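Visitor: I am new here. Please show me the structure, and let me ask how you know what you say.

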Amino acid sequence: MPRQTKNRRWNARVDIELPVAWQDERDGVVHVCTTTNLSASGLAIRSPKGLPIGAGVYLVVGHPSLGLSFEAVADVVRSWPTASSEFLIGLNFRSLPLELTAEIGRHVVSRLEQLERRRPSMP
């Protein structure tokens, strides 16, 4: 069984900027922003509009040319304003097809491996 980390997250998470279009289930307005990180269970976005915890959103993430593109529904689990008048919003995916969860997981692991190879080795 995977070990839980100090920040209560079970899945590997990687810092990554991907384009996102999201639609609030309450008002249907579409907003565009970027991810700040991604895991197989959720993602974080930097957005000009805040959302209350518990709100549901429909997401279109990435683009085929970037190697990852998917649609999902997620719930807001964290939301806080930044000093730059934006909001950081943590989202947990609702039920995803197993194939999509695996695809996102592979993308995260691949990205982590790329970052590890770029890290200078210690003497």
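**How do you know?**

Guide: Among contacts in the chain between residues at least 6 apart in sequence, 53% join residues at least 24 apart. Contact means heavy atoms within 4.5 Å. This is a predicted model: local features need pLDDT of at least 70, side-chain atom pairs count only at pLDDT 80 or more, and totals for chains, interfaces and linings use all residues. Residues are numbered from 1 along each chain as its sequence is written, and side-chain values use heavy atoms, with hydrogens and water left out.

Visitor: How many helices and strands does the chain have?

Guide: One helix and seven strands. Helices (H or I, at least four residues) and strands (E, at least two) are DSSP runs, numbered from the N terminus. Along the sequence the pattern reads β-β-β-β-β-β-β-α.

Visitor: How do you know what helix H1 should span?

Guide: The expected span is 1.5 Å times one less than the number of residues. H1 covers residues 98-118, 21 residues, so it should span 30 Å. Its end C-alpha atoms are 31 Å apart, which agrees.

Visitor: Which residues of H1 are called buried?

Guide: Leu100, Ile104, His107 and Val108. Buried means under 20% relative accessible area, exposed over 50%, partly exposed in between (1.4 Å probe, protein chains only).

Visitor: What makes them one face of the helix?

Guide: Seen down the axis of H1, the buried residues fall within an arc of 95°, so they line one face. The arc is that of the directions from the helix axis to the C-beta atoms. On the other side, Leu98, Glu99, Arg106 and Arg117 are exposed.

Visitor: What do the buried residues of H1 pack against?

Guide: Strands S1 (14-15), S3 (30-38), S6 (68-81) and S7 (87-93).
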